[in-house]
Amino acid sequence: MSVDPRLLDLLVCPLCKSALRLRRDEQQRPSELVCAADRLAFPVRDGIPVMLANEARTLDAEEEA
């Protein structure tokens, strides 16, 4: 399932309101929306972004690049 590109243009980080970058998995499916400013990755489940702070994972140093 994919995420509607129009939705991606509207979504921002719920914590700092920064732009988000879509990250895809090995099969090129949307997997996370990444906030570089907060170093958080919000999951995408069944094509739906889960924009809850308690669902986000913290990015480690290798993933930031």
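Arg 29 and Asp 25 form a salt bridge in this predicted model, with 2.9 Å between the closest N and O atoms; a salt bridge is defined as a side-chain nitrogen of Lys or Arg within 4 Å of a carboxyl oxygen of Asp or Glu. Arg 29 is partly exposed at a relative accessible area of 43%, whereas Asp 25 is buried at 19%. Buried denotes under 20% relative accessible area, exposed over 50%, and partly exposed in between (1.4 Å probe, protein chains only). The structure is a predicted model, in which local features need pLDDT of at least 70 and side-chain atom pairs count only at pLDDT 80 or more, while totals for chains, interfaces and linings use all residues. Residues are numbered from 1 along each chain as its sequence is written, and side-chain values use heavy atoms, with hydrogens and water left out.

The structure holds four salt bridges. In one of them, Glu 55 pairs with Arg 45, the closest N and O atoms being 2.8 Å apart. Glu 55 lies in the loop between strand S4 (48-49) and strand S5 (57-58) and Arg 45 in strand S3 (residues 40-45), so this pair ties together parts ten residues apart in sequence. Strands (E, at least two residues) are DSSP runs numbered from the N terminus. Glu 55 is partly exposed at 33%, and Arg 45 is partly exposed at 43%.

Salt bridges with shared partners join Arg 23, Glu 32 and Arg 57 into one network. Arg 23, located in strand S1 (residues 21-24), bridges to Glu 32 with the closest N and O atoms 3.3 Å apart. Arg 23 is buried at 17%, and Glu 32 is buried at 12%.

Definitions and conventions:
Helices (H or I, at least four residues) and strands (E, at least two) are DSSP runs, numbered from the N terminus.
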